[in-house]
Amino acid sequence: DTHTFSQPAILFSFDRTDCEVMAKVLVNKLESAESKWKQNSRSWKSKLAEVESWRKMDKLRSAQRQKETKQKKDPDAPREDTASYAWQATFNENEPLADFSFAGRPPSMQELDEIIQELKVKVTIERAHKYDWAIQALRRGIAVHHAGMPKWYRVAIEKSATLFISYSHADKHSKSLFRQGYIRVMISTGIYFYSKWYTFVD
């Protein structure tokens with residue numbers, strides 16, 4: 001159970017490469033277990049079928065709305081439209097499932113994506129892609145912290161979701177994703193964050 005402990009944990013290793021390897025291994029284990037569960041879960045397959053059916057109907061509703069607009073019908077006329085209120089509208093089958101993630105409280109995946117994309121523009125695409133593994137780990141509430149990680153990544157985990165835009169103007173008192181409770185597994189070469197649980201890895 002990835003949410004057995006309410007408090008985040010910090011894993012220490014003096015070797016930067018070992019820190020990164022641990023994160024990659026954790027993510028691979030979670031992804032593998034999640035993939036196996038999805039393949040064998042009737043409830044998951046049923047949910048996907050329901051979402052796919054809703055998306056098809058939503059396309060039909062969208063086409064109907066466009067047709068009505070072209071026909072210049074009264075825009076104030078009452079119309080049944082539940083598309084924007086349905087849970088299927090925001091469902092993303094590619095997001096990590098809670099049972100296979102250490103991620104805690106907000107930000108949401110959308111907010112996290114905005115943080116990552118805003119910071120990635122500060123570096124070349126080629127350099128950013130080099131750390132795709134770190135971003136995948138971040139989506140599951142796992143982060144690596146050492147001096148060798150790129151600044152845009154460290155800013156993402158050190159600064160809050162709303163005050164990260166400028167390195168020079170970031171509020172020193174803004175909460176990190178770790179302090180917000182989103183990152184619940186920090187793998188680090190030193191003590192940069194407070195936690196109730198510390199584990200030294202040889």
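Mentor: A nonpolar core here is a set of buried Ala, Val, Leu, Ile, Met, Phe, Trp, Tyr and Cys residues joined through side-chain atoms within 4.5 Å. Keep in mind that this is a predicted model. The largest such core has 35 residues. Within it, I142, V144, Y153, I183 and I187 touch the most other members. Helix α1 is one of the elements that each supply at least two residues of this core, and α5 is another. Strands β1 (9-12), β2 (142-145) and β3 (185-188) are also among them. Take I183: leaving aside residues up to four places away in sequence, I183 touches P8, L138, G141, A143, I157, L177 and F178. A second, separate core has 5 residues, including W44, V51, L97 and F100.

Now α1 itself. Helix α1 spans residues 16-40 and packs on helix α5, residues 132-139. Their axes lie 10 Å apart, at an angle of about 60 degrees. That angle makes α1 oblique to α5. The crossing is left-handed. From α1, the contact uses E20, A23, K24, V27 and E31; from α5, W133, Q136 and A137. By class, this contact has 4 nonpolar, 1 polar and 3 charged residues.

Next, α2, residues 42-70. Here the axes of α1 and α2 are 5 Å apart, and the angle is about 75 degrees. The two helices are therefore roughly perpendicular to each other. W37, K38, Q39 and N40 of α1 meet R42, S43, W44 and K45 of α2. This contact has 2 nonpolar, 3 polar and 3 charged residues.

Conventions. Residues numbered from 1 in each chain as written. Predicted model: local features only at pLDDT ≥ 70, side-chain atom pairs only at ≥ 80, totals over all residues. Heavy atoms only, no water. Axes fitted to C-alpha atoms, helices over the stretch in contact; angles between N-to-C directions. Helix = DSSP H or I, 4+ residues; strand = E, 2+ residues; numbered from the N terminus. Parallel < 35°, antiparallel > 145°, perpendicular 65-115°, else oblique. Left-handed = near helix turned anticlockwise from the far one by under 90°. Contact = heavy atoms within 4.5 Å. Nonpolar A, V, L, I, M, F, W, Y, C, P; charged D, E, K, R; others polar. Buried < 20%, exposed > 50% of the residue type's maximum accessible area, 1.4 Å probe, protein only.
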